[in-house]
Amino acid sequence: MRIEPEISGCSIVLIGRFNPAIFHPAWLKAKDIQPESNENTVNLQIVHNDIASFTIDTVSYFVEERRFKIETTSGPWIRIADTTRKIFGDHLVHTPITAFGINRTIHFRLGSHQARHNLGRRLAPLEPWGSFGEQLEAEDRQLLGGMTKLVMTRKSIVNQTRVNTNVTIEPSARVATDDDGIYMQLNSHHAIEGLPDGHGCETALELIGSRFQDVSNEADQIFDLIMTMGSK
């Protein structure tokens, strides 16, 4: 990547039916899923019948009845895919999972407000907007308009599974010196259709295993293209 991101992250989100009360740092340690968890690495927010939320080192867990999320802010990203497969492939094999998302995010700076403004104009030019577009230009920076959020979606079918790949770019609310920060996310959403009653998480885990690295690599390629474009 031509510009080094200041914040990077990766997450996996599962949609299905979960028992939040199961998910506890002590359970993950006992099952040898995250054996490194101890009082120095664990930040426990809540573990309840309805919700579980805690962090072990750089890995965060958030579990509700219909949603499981595991997220990390440090690579290698494949660790959270391996952890997900350990949890559900080795211990909670009957958990029904009907959809999942693989998500990569970055925050980076372009070095100046003008550089971010120029990138916005390249991604969303004003000419197609006619007189409205002309009114977005202004000498006063406080009145300068333009793109505030762009989402591009690709639809595909992978292994008989519907996949929507959504790439979002917008100003960053977390890194911003002179309004030069940008946030990007790639979300690869997989909808698993036609599962028979009683089917567990096998299909989801197989897809996560086969798709995770490809999704992560594609995210890096797209992020690199945009960062390179913004640095010129």
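Trainee: Let's start with Cys-10: does it count as buried or exposed?

Mentor: Keep in mind that this is a predicted model. Cys-10 has 1% relative accessibility, so it counts as buried. Cys-201 is buried too, with a relative accessible area of 2%.

Trainee: How many disulfides does the count come to?

Mentor: The general idea first: a disulfide is a covalent bond between the sulfur atoms of two cysteines. Here the count comes to zero.

Trainee: On to charges. How many salt bridges does the structure hold?

Mentor: Look for a Lys or Arg side-chain nitrogen within 4 Å of an Asp or Glu carboxyl oxygen. This structure holds ten such salt bridges. One of them pairs Arg-17 with Glu-65, with the closest N and O atoms 3.8 Å apart.

Trainee: Which parts does that pair tie together?

Mentor: Arg-17 sits in the loop between strand E1 and helix H1, and Glu-65 in the loop between strands E4 and E5, so the bridge links parts 48 residues apart in sequence. Arg-17 is partly exposed, at 45%, and Glu-65 is partly exposed, also at 45%.

Trainee: What about Glu-193 and Arg-162?

Mentor: Their side chains meet at 3.5 Å, N to O. Glu-193 is in the loop between strand E9 and helix H5, while Arg-162 is in strand E8, so this pair ties together parts 31 residues apart in sequence. Elsewhere, salt bridges with shared partners join Glu-6, Arg-109 and Asp-180 into one network.

Terms used. Residues numbered from 1 in each chain as written. Predicted model: local features only at pLDDT ≥ 70, side-chain atom pairs only at ≥ 80, totals over all residues. Heavy atoms only, no water. Disulfide = S-S within 2.5 Å. Buried < 20%, exposed > 50% of the residue type's maximum accessible area, 1.4 Å probe, protein only. Helix = DSSP H or I, 4+ residues; strand = E, 2+ residues; numbered from the N terminus.
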